[in-house]
Amino acid sequence: MSVALKNDRLLRALRREPVDCTPVWLMRQAGRYLPEYRATRAKAGSFLAMAKNPDLACEVTLQPLARFNLDAAILFSDILTVPDAMGLGLYFADGEGPKFERPVRSAADIAKLAVPDMETELRYVMDAVRVIRRELDGKVPLIGFSGSPWTLACYMVEGGGSDNYSKIKALALNEPAALHKLLSINTDAVIAYLAAQRAAGAQALQVFDTWGGVLSPAMYREFSLPYLTRIARELQRGEGSERTPLILFGKGNAPYLEELAASGTEGLGVDWTVTLEEAARRTAGKVALQGNLDPAMLYGSPDAVRAQVRIALDSYAAGNGGSREGHVFNLGHGLSPDMQPEHVAALVDEVHAYSRR
């Protein structure tokens with residue numbers, strides 16, 4: 001039997017219902033800026049060892065909640081678990097980020113791919129969700145997540161991070177049918193992955209389209225948007241107050257807000273290159289909005305951080321007819337390792353204090 005939520009602000013905001021104050025959670029809230037995270041990672045030996053151990057994944061998921069009055073936990077994992085489970089051989093090179101031993105470079109490579117089994121190859125993720133839900137004991141909702149089909153494809157084709165996305169853009173230009181096949185497999189996998197996280201206990205779901213913004217508008221509308229829309233329309237999430245809300249987040253998605261708002265998603269995460277006032281006006285109440293403080297604002301003093309929080313909250317209200325409903329406060333991207341926990345505390349506390357007035 002599921003435990004009743006003590007704090008359901010996040011879910012209410014994503015349903016655009018009244019809340020006592022604006023909920024806040026932060027992308028990469030469990031991470032290297034916390035000394036306790038670094039200690040757990042040292043104990044685990046590596047990032048992947050930590051992500052693949054449900055008890056350690058739970059430990060780091062809960063660490064920021066012990067420090068800050070956050071309104072949600074987000075599963076500690078990585079977007080590249082899915083391609084890793086497809087057999088691409090994920091590893092992390094020191095100082096270089098994630099890499100794949102066997103990148104996907106041709107139609108023949110793509111033909112070998114299949115949607116992994118969620119309760120065998122990716123069971124460690126589902127076990128982590130189950131452990132975290134048990135340990136949260138209804139304190140706040142748990143967010144599950146996935147990378148977007150396009151963003152996963154970027155890593156799968158490039159073999160890691162990229163400065164210019166030359167390999168995947170060449171594939172898009174020279175063999176568009178092959179890339180669409182890859183994106184279709186990725187979409188099937190993302191839908192299955194998010195559905196399995198929901199079944200294991202995730203109470204909200206987010207798709208990270210981190211590299212959607214590297215595409216031209218025509219290419220975005222061909223290679224990213226239709227697959228995000230398929231996820232929003234095909235992922236079964238229940239009905240009414242029991243529905244599990246979906247948030248589509250993309251860096252550089254400001255040109256496409258109207259189209260994303262029409263996708264069927266409940267929430268839309270935006271980066272800091274568009275004001276929340278403009279985003280709220282353009283989406284016209286169709287979706288909840290999440291965001292969008294520039295993470296670099298956390299390098300300011302705590303007082304400067306608080307001032308920027310107020311600007312963002314007021315911006316949303318200005319575009320939403322003076323109402324704060326339908327807003328989940330977040331950064332426009334994730335926290336960085338050199339940020340100060342005290343500045344994060346100032347942000348979280350100011351969101352609640354100012355939005356209560």
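I began at Gly159, which follows directly after α8 and takes a positive phi of about 90 degrees. Helices here are DSSP runs of H or I of at least four residues, strands are E runs of at least two, and both are numbered from the N terminus. The model is predicted, so I note its limits: local features need pLDDT of at least 70, side-chain atom pairs count only at pLDDT 80 or more, and totals for chains, interfaces and linings use all residues. Residues are numbered from 1 along each chain as its sequence is written, and side-chain values use heavy atoms, with hydrogens and water left out.

**Entry: α8 and Thr151**

I went back into α8 and checked its cover. Of its 10 residues, 10 are buried (under 20% relative accessible area; exposed is over 50%, partly exposed is in between; 1.4 Å probe, protein chains only). Among them are Pro149, Trp150, Tyr155 and Glu158.

I picked Thr151, which sits in this helix, residues 149-158. Is Thr151 buried or exposed? Thr151 counts as buried because its relative accessible area is 0%.

Next I looked up its polar contacts (N or O atoms within 3.5 Å; within protein, one must be able to donate a hydrogen and the other to accept it, and residues adjacent in sequence count only if both atoms are side-chain atoms). A polar atom of the Thr151 side chain lies 3.0 Å from the backbone nitrogen of Thr210. The Thr151 side chain also reaches the backbone nitrogen of Trp211, at 3.1 Å. I then listed contacts (heavy atoms within 4.5 Å). Not counting residues up to four places away in sequence, Thr151 touches Ile79, Phe208, Asp209, Thr210, Trp211 and Gly212.

**Entry: Ser224**

I moved to the loop between α11 (217-223) and α12 (225-234), where Ser224 is found. Ser224 counts as buried because its relative accessibility is 1%. Leaving aside neighbours within four places in sequence, Ser224 is in contact with Trp150, Asp209, Leu215 and Met219. Asp209 is also on the Thr151 list.

**Entry: Leu62**

I found Leu62 in helix α4, residues 54-67. Leu62 counts as partly exposed because its relative accessibility is 22%. Beyond four places in sequence, Leu62 touches Ile132, Glu135 and Leu136. I also checked Gln29: it is 33 residues from Leu62 in sequence, and the C-alpha to C-alpha distance is 9.8 Å.

**Entry: the core**

Which of its 126 residues touch the most other members? They are Leu179 and Leu347. Helix α10 (residues 176-200) gives the most to this core, with 12 residues. I followed Leu347 beyond four places in sequence; its contacts include Val24, Leu26, Leu293, Phe329 and Leu331.

**Entry: pockets**

I finished with the pockets (open sets of points on a 1 Å grid over the protein atoms alone, where a 1.4 Å probe fits, with protein on both sides within 12 Å along at least five of seven lines; lining residues have an atom within 4 Å of a point). The largest pocket holds about 1,200 Å³ of space. Its lining has 37 residues, and Arg28, Arg32, Phe47, Asp78 and Phe92 lie nearest its centre. α2 (35-44), β2 (90-93) and β3 (97-100) each supply at least two lining residues.

The second largest pocket has a volume of about 360 Å³. It is lined by 16 residues, with Leu5, Leu11, Gln203, Ser241 and Glu242 the closest to its centre.

Technical notes
A nonpolar core is a set of buried Ala, Val, Leu, Ile, Met, Phe, Trp, Tyr and Cys residues joined through side-chain atoms within 4.5 Å. Grid points are joined across faces, edges and corners, and a volume is the space filled by probe spheres set on the points.
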